[in-house]
Amino acid sequence: MRAALKKHLDGFAMIALACALLAVGPVPAQQPAPGIPAVQANLAPHPAPEQPLPYSHKTHVGMGLPCQLCHTNPAPGREMTFPATSTCMNCHVAMVTDRPAIKKLSEYAKSKQPIPWVRVYKVLPGVTWTHRKHVEARVQCETCHGTVGDLEAMSETTAVTGMASCISCHQARSVSAACTVCHAWPPK
């Protein structure tokens, strides 16, 4: 009984947050810190991978939802997570429930299965990299991932996995760009 009440209260809180954010209007996306270069755009097109459900960052970021609401960084901090199905259902238990994609989302929730999202950015082999240090250094998501809030379908729009991007950012922030910062030596 208590768990069911908490679930309903959590759902109500998420709906209230979404409504409040809609009333306030769109929140501008976080911008990279002044004087710190953003990661360059990819020179070659990188089409968005096919996802199990259509998801528009443009719609959700446009409502003012912060990245960290859906993407958390649990220990050890290497990768950001995809949202739990229950996180999506906090709003979609009552919002646009008649759409086919939301019906499919509801099926994932009922089966207690995670949505099998396809990761867009992948850490390359041989790189010992972690989101955790970048989050702690207050690097804004947009610095590396670009204007995600403008994307209907998430794609690899920036060259964030390129070594030159990492080195130039580290140099601009006066952070060590020594090989061993990102690459274990000797190799394992």
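S174 is exposed, at 69% relative accessible area. Its place is the loop between helix 8, residues 163-172, and helix 9. Look at its backbone. Phi of S174 is near 55°, a positive value in a residue that is not glycine. Keep in mind that this is a predicted model.

R138 belongs in the discussion too. Here phi is near 60°, again positive and again in a residue other than glycine. R138 sits in the loop between helix 6 and helix 7, the latter being residues 141-145. Buried or exposed? R138 counts as exposed, at 69% relative accessibility.

One more backbone point. A75 and P76 are joined by a cis peptide bond, with omega at about 5°. P76 is in the loop that runs between helix 3, residues 67-70, and helix 4, residues 85-92.

Now the overall fold. The protein chain has nine helices and zero strands. Along the sequence the pattern reads α-α-α-α-α-α-α-α-α. There are 188 residues in the chain, and 29% of them are buried. Take the contacts between residues at least 6 apart in sequence: 75% of these join residues at least 24 apart. The accessible surface comes to about 12,500 Å². Carbon and sulfur atoms account for 65% of that surface.

How far can we trust the model? Mean pLDDT for the chain is 82, and 79% of residues reach 70 or more. Which elements have the lowest and the highest mean pLDDT? Helix 1 is the lowest, at 43, and helix 5 is the highest, at 96. Over residues 4-32, pLDDT stays under 50. The model has 25 contacts beyond four places in sequence for that stretch. Where pLDDT is low, predicted coordinates should not be read in detail.

The largest nonpolar core has nine residues. They are V39, V120, Y121, V139, C144, V148, L151, M154 and V160. Another core lies apart from that one, with eight residues, among them L53, C88, M89 and Y108. Back to V160 in the largest core. Setting aside neighbours within four places in sequence, V160 is in contact with V39, Y121, C144, S165 and C166.

Next, helix 5. K104 lies in this helix. K104 is partly exposed, with a relative accessible area of 35%. What does K104 touch, not counting residues up to four places away in sequence? The answer is P52 and L53. One distance for K104: its C-alpha is separated from that of I115 by 9.8 Å, and the two residues are 11 apart along the chain.

Aromatics. A search of the whole structure finds one aromatic pair. Its members are Y55 and W117, with ring centres 6.2 Å apart and planes at 75°, so the pair is edge-to-face. Y55 lies in the loop between helix 1 (2-24) and helix 2 (57-62), and W117 in the loop between helix 5 (100-111) and helix 6 (131-136), so the pair ties together parts 62 residues apart in sequence. W117 counts as buried, at 15%.

Cysteines. How many disulfides are there? The count comes to zero. Take C91. The closest cysteine sulfur to its own is in C70, 8.4 Å away, which is too far for a bond. C91 counts as buried, at 11% relative accessibility. Now C179. C179 is exposed, at 61% relative accessible area.

That brings us to helix 9, residues 179-182, where V181 is found. V181 is partly exposed, with a relative accessible area of 35%. Beyond neighbours within four places in sequence, V181 is in contact with T128, H170 and S176. V127 is 54 residues from V181 along the chain, and their C-alpha atoms are separated by 9.2 Å.

The chain has nine helices and zero strands. The largest nonpolar core has nine residues. And pLDDT stays under 50 over residues 4-32.

Definitions and conventions
Residues are numbered from 1 along each chain as its sequence is written. This is a predicted model: local features need pLDDT of at least 70, side-chain atom pairs count only at pLDDT 80 or more; totals for chains, interfaces and linings use all residues. Side-chain values use heavy atoms; hydrogens and water are left out. A nonpolar core is a set of buried Ala, Val, Leu, Ile, Met, Phe, Trp, Tyr and Cys residues joined through side-chain atoms within 4.5 Å. Buried means under 20% relative accessible area, exposed over 50%, partly exposed in between (1.4 Å probe, protein chains only). Contact means heavy atoms within 4.5 Å. A disulfide is a pair of cysteine sulfur atoms within 2.5 Å. Helices (H or I, at least four residues) and strands (E, at least two) are DSSP runs, numbered from the N terminus. Accessible areas come from the Shrake-Rupley method with a 1.4 Å probe; for residues, only the protein chains shown count as cover. Rings of Phe, Tyr and Trp (its six-membered ring) pair if their centres lie within 6.5 Å; planes under 30 degrees apart count as stacked, over 60 as edge-to-face and the rest as tilted. pLDDT is the predictor's confidence in each residue, from 0 to 100.
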